[in-house]
Every structure is written in structure tokens, then in C-alpha cells.
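Here are my notes for anyone opening this one for the first time. Have a look at the structure, then read the points alongside it.

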Amino acid sequence: MSAFIDAMLERAKASKQTIVLPEGDDERTLAAAQEILAGGIADLVILGNAEAIAGSAYNLEGARIVDPAKSEDRQRYAEAFYELRKHKGVTMEDALAKMDDVIYFGTMMVKLGDADGMTCGACHATSDVLRAALQILKTAPGVKAVSSFFVMAVPDCEYGDDGVFMFADCGLEIQPDAEKLSQIAVNTGRSWQTIFGTEPRIALLSHSTFKSTVASADRDKVIEATRLAKETAPEMLIDGEMQADAAIVPSVGASKAPGSPVAGKANILVFPDLDAGNIAYKLVQRLAKAEAYGPITQGLAKPVNDLSRGASAADIVGVVAITCVQCQAQKAQ
């Protein structure tokens, strides 16, 4: 694992959090759980068929294994979910049925304080994970929209912060308008401060650098988003619109964007839409053999993080460690 994840693991161990892993029927989840427990990274609640999980090949000693269908908390969680959603027409019968869904059950655990955070998505779609989180946890105070980022740790890379970047948004917002794009930029900067404790340098990316191409709606959206982000967070280093090479390569940044506080040294890359962001992170992950952790959600009232369905057990361990750090930071606020 990268130095970044090593640091996250150490921070997680320093103040152990309770994390729900709802996908107890997934082999990668159980392999990750074994490593997390052995390393003292987090306290775990694993959801699923208790007999099958306990009878697996993995040493899960110390984990709390819960079968939602048989849990004594099922009724309590259903009643709380009913109160949250009855204005949307949800009946008590509907609420009880929802508690058979491990994602909803796990999210209710976080909502009611029986766990600090949740990591899932190895065998569930992002839409399933986020739907439950938004219905139950909702957004954090002052946050208008939930977004996501990937932490990219690129080996033997001189750019970013020793090869570490945040890419946003690569998992949720399909076509953000200028206002949403500005929020993604600012919220990712705050996530960088939470996770790394150092200064974020945020580049809003485009096919153009400082109006180097003819005017277009796509270019102008990024220009406006940059203006709004600077207005929202004047204390942060934010700049754009900027081509990717101008954002990360010092010589190109100096040539294309002289005087920019971000050009040539960005550690956060904000993509104009989901197509660009998702394509970019997968290319960097595969071609540069980078570690990609995420999508890490930001803006929820409590930490719930999604996983790529191609995630490995090591990826799950890394995202659990990041989730722990987010929980620690939230408690410290």
C-alpha cells in the first residue's frame, strides 16, 4: 500500500471507530474484515447471514455479526425510518420491509449512533448506497449537494503531493452546473484539509486554459464555477479554467498560466463532468498503476462511503481507514 494509506491506517488505529460493513456475503468484504480486525484498524459490524459468515474461512473474532432479518433492533430501526419517511407516504409495513435491505439497515445503525460510519458498494450500485444515505442521513449543515472524490496515489510521480491527488467528482454528479461545480471544488478542498491537514491547491479543469480557446458553454461553465468557488472560499488556493497539464506540470503551468497560485502544482483536480472524471481516474489507475480509493462521499451528515464494484479487499481496507478518519474529524468539530 502507499504511504498515504499507511498514514490513514495509523490515524484510524489511534482512535478506533465502529464501521458497518453491510456486504457480509461478499468474499472481498470478509477478507478485508479479517485484515482490519487483525490490524486493530476499526471495530466492525458485519451484516448478513450470521451462520454463513461465522462459518467462513476468515478469522472474524471481535466483529459483531448481525443478521438484519433476525436482529432485535429491526423493529426499532423500522420505527425510526418510518418517522423519517412517513411524509413521503412510507407506511410502517414499508419501513419493516426496508430493514431487510442490508444497506438501509446499516445506514440506520449510523443514523441512530450504533455505528460511526459505513463502507459498502462492492456488490451494490452507487445509486443504492446513496439513496439510502440521502433518505436517512441527509446532507450536513450548510451543504447543498453531496458529491464524491477519489484519492489517487500514483507511484513514482513527481506531481501533486508526491503523487497523491484528489479527483472530483468521479462518481456522483453527472453534469454539474457552475454552482454545483464550485461546491464540488470547495468541498473537496475541505476534504483534503480533513484527511491530510495540509493546504489544498485546487484546479478546475477544462479543454482551455485562461480562455485559450473560443468561447463555449462548457468552457464558460468552468470559468463561472471558478469565480463562485473563489467567492465562497477566498482562503483556499483555487484557479481555473485550466488544462490538465497546466494544472500539474510546473513548466507548462508557468507557460500557460503565469502568476497562477495553482498552475503546475495542483493536488486537487476538479473535472467538468462525470464523464471526464470517471474516465480520467480509471485511466490513471490502470495505465499508471495508481491506487484509487473511492468514491469517497462528502457532504453527508455522517460518513458513508461507496466502493467501486471492482474493489479488491485491499481497496476496502483503505476506504474503511479513510471512513474512520472522516468519523474522527466529524466528532472533533
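**Notes on the model**

1. Let's start with D245, which is partly exposed, with a relative accessible area of 33% (buried means under 20%, exposed over 50%, partly exposed in between, with a 1.4 Å probe and protein chains only). D245 is found in helix 10, residues 244-248 (helices are DSSP runs of H or I with at least four residues, strands are E runs of at least two, and both are numbered from the N terminus). Leaving aside neighbours within four places in sequence, D245 is in contact with V252, G253 and K256 (contact means heavy atoms within 4.5 Å). The C-alpha atoms of D245 and T209 are separated by 9.8 Å, and these residues are 36 apart along the chain.

2. A word on the source: this is a predicted model, in which local features need pLDDT of at least 70 and side-chain atom pairs count only at pLDDT 80 or more, while totals for chains, interfaces and linings use all residues. Residues are numbered from 1 along each chain as its sequence is written, and side-chain values use heavy atoms, with hydrogens and water left out.

3. Five strands form an open sheet in the order 3-2-1-4-11, with parallel pairing (two strands pair if DSSP finds at least two bridges between them). Strand 3 (64-66) and strand 11 (304-306) stand at the edges with a single partner strand each, so one side of each is left without a neighbour in the sheet. On average, neighbouring strands here are turned by 20° against each other, direction ignored (axes are lines fitted to C-alpha atoms, for helices over the stretch in contact, and angles run from 0 to 180 degrees between N-to-C directions).

4. How are the strands joined? Strand 1 (residues 18-21) runs parallel to strand 2 (residues 43-47), with four bridges between them; V20 has V45 as its bridge partner in strand 2. Helix 2 (residues 27-39) packs on the sheet and touches strand 1 and strand 2, its direction making about 160° with that of strand 2. Helix 13 (residues 313-332) also packs on the sheet, touching strand 1, strand 4 (117-120) and strand 11; its direction makes about 160° with that of strand 4.

5. Two bridges join strand 4 to strand 1, and V20 stands opposite M118. Three bridges join strand 4 to strand 11, where D306 stands opposite C120. Are the faces of strand 4 covered or uncovered? Both are covered: G117 and T119 on one side, M118 and C120 on the other, are all buried.

6. Follow the chain on to G121, in the loop between strand 4 and helix 7 (126-136). G121 counts as buried because its relative accessibility is 0%. Not counting residues up to four places away in sequence, G121 touches E23, V129, D306, L307, S308 and R309. The C-alpha atoms of G121 and V143, 22 residues apart along the chain, are separated by 23 Å.

7. A search of the whole structure finds one cavity of 30 Å³ or more (a cavity is a set of points on a 1 Å grid over the protein atoms alone where a 1.4 Å probe fits but cannot get out, and lining residues have an atom within 4 Å of a point). The volume of the largest cavity is about 40 Å³ (grid points are joined across faces, edges and corners, and a volume is the space filled by probe spheres set on the points). Its lining consists of A145, V146, S147, E173, K180, Q183, I184 and N187, and helix 8 (residues 178-196) gives the largest share, four residues.

Key
1 Å grid on protein atoms, 1.4 Å probe; cavity = no way out; pocket = protein on both sides within 12 Å on 5 of 7 lines; lining within 4 Å.
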